[in-house]
Every structure is written in structure tokens, then in C-alpha cells.
Amino acid sequence: MKVKKIVYPLPDEYYNKLLFHVKNEQVDFQFGTVFLKKGTRIPEKGFTKHSSHEISIIQKGKIEMLNRDGSVKGYLCEGDVVYIEVFEAQAGNILEDTSIIYTLIK
């Protein structure tokens, strides 16, 4: 068993803080935290796609999620749990300082 405290990246660190990465013949997953600053867009341009399933919990903050045409897809708010499929395009505007706990699963 391994135990770690939930900590978030410091303001001068990269936005992602990896807490666990477990990879073997049966499983490959990552678990960590993210801090996103109000007024930013993630990614800065275009959309990202991950080669993993993602389950994230919005601990604090608010994100305006975008469709490919730039229209609003919806809002992620404190207390929301979100599932994103493998290679699902994602982008958003950070409306409030946002803290997230995430798991990436291959």
C-alpha cells in the first residue's frame, strides 16, 4: 500500500501534479491533481485528445467546456465528476481558479 496526501501544483509549477502512475501487464493508470488559473484556456489553442479514459472530480472552480465550433458545450463546476472517452476532443475556458483530481486509465 502507498499513501500520499492530495496536493496541488504550486503557482510556479506546471499545472499537473502526478501523484501515482501504475503500469504493468494488467493495468496502466495515472492519478494526480491539476490547478488551472482563471482567465486561461486549456489548451491555449485548438483541442487536446488523450489516449486514456479520464475521470475527473472538480474540487473547486468552474470551466466552460467548448465544442469544436467554439460554442459552449457545458460547464464543469465544483462537485462535478466528469468522464471523458479515449481521444474525445476537449478544450475549455477557465472561469474561476480551478482544482481538479484526475485519473487516466488505459
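Trainee: What volume does the largest pocket have?
Mentor: The largest pocket has a volume of about 430 Å³. This is a predicted model, in which local features need pLDDT of at least 70 and side-chain atom pairs count only at pLDDT 80 or more, while totals for chains, interfaces and linings use all residues. Residues are numbered from 1 along each chain as its sequence is written, and side-chain values use heavy atoms, with hydrogens and water left out.

Trainee: What makes a region a pocket, and how is a volume defined?
Mentor: On a 1 Å grid over the protein atoms alone, a pocket is an open set of points with protein on both sides within 12 Å along at least five of seven lines, whereas a cavity is a set where a 1.4 Å probe fits but cannot get out. Lining residues have an atom within 4 Å of a point. Grid points are joined across faces, edges and corners, and the volume is the space filled by probe spheres set on the points.

Trainee: Which residues lie nearest the centre of the largest pocket, and how many line it?
Mentor: The lining has 21 residues, and Y15, I42, H50, E54 and Q90 lie nearest the centre. Strand 4 (53-66) gives the most, with 5 residues. Strand 2, strand 6 (81-84) and strand 7 (92-105) also supply at least two residues each. A strand here is a DSSP run of E, at least two residues long, numbered from the N terminus.

Trainee: How many residues of each class are in that lining?
Mentor: There are 14 nonpolar, 6 polar and 1 charged residues. Ala, Val, Leu, Ile, Met, Phe, Trp, Tyr, Cys and Pro count as nonpolar, Asp, Glu, Lys and Arg as charged, and the others, Gly among them, as polar.

Trainee: What is the space in the second largest pocket, and which residues line it?
Mentor: About 180 Å³ lies in the second largest pocket. Its lining includes P9, L10, P11, Y15, F35, K37, R41 and I42. By class, this lining has 8 nonpolar, 1 polar and 3 charged residues. Strand 2 and strand 3 (41-42) each supply at least two of its residues.

Trainee: Why is the contact between K37 and D97 called a salt bridge?
Mentor: A salt bridge requires a side-chain nitrogen of Lys or Arg within 4 Å of a carboxyl oxygen of Asp or Glu. The N to O distance for K37 and D97 is 3.8 Å, so the pair meets the definition. K37 lies in the loop between strand 2 and strand 3 and D97 in strand 7, so the pair ties together parts that are 60 residues apart in sequence. In general, side chains of opposite charge can pair when their charged atoms come close.

Trainee: How many salt bridges does the structure hold?
Mentor: It holds 2. In the pair of E88 and K73, the N to O distance is 3.5 Å. E88 lies in the loop between strand 6 and strand 7 and K73 in strand 5 (residues 72-77), so this pair ties together parts that are 15 residues apart in sequence.

Trainee: Why is Q26 called exposed, whereas V27 is called partly exposed?
Mentor: Buried means under 20% relative accessible area, exposed over 50%, and partly exposed in between (1.4 Å probe, protein chains only). Q26 has 69% relative accessibility and therefore counts as exposed. V27 has 31%, so it is partly exposed. Q26 is found in the loop between strand 1 (16-23) and strand 2 (28-36), and V27 is placed in the loop between strand 1 and strand 2 as well.

Trainee: Why do K37 and D97 count as partly exposed?
Mentor: K37 has 48% relative accessibility, so it counts as partly exposed. D97, at 27%, therefore counts as partly exposed too.

Trainee: What makes the charge of R41 sit over the ring of F47?
Mentor: The rule asks that NZ of Lys or CZ of Arg be within 6 Å of the ring centre and within 35 degrees of the ring normal. The charged end of R41 is 5.7 Å from the centre of the F47 ring. K62 lies over the face of Y75, at 5.0 Å from the ring centre.

Trainee: What is the peptide bond from I42 to P43, cis or trans?
Mentor: That bond is cis, with omega near -10°. P43 is placed in the loop between strand 3 and strand 4.

Definitions and conventions. Helices (H or I, at least four residues) and strands (E, at least two) are DSSP runs, numbered from the N terminus.
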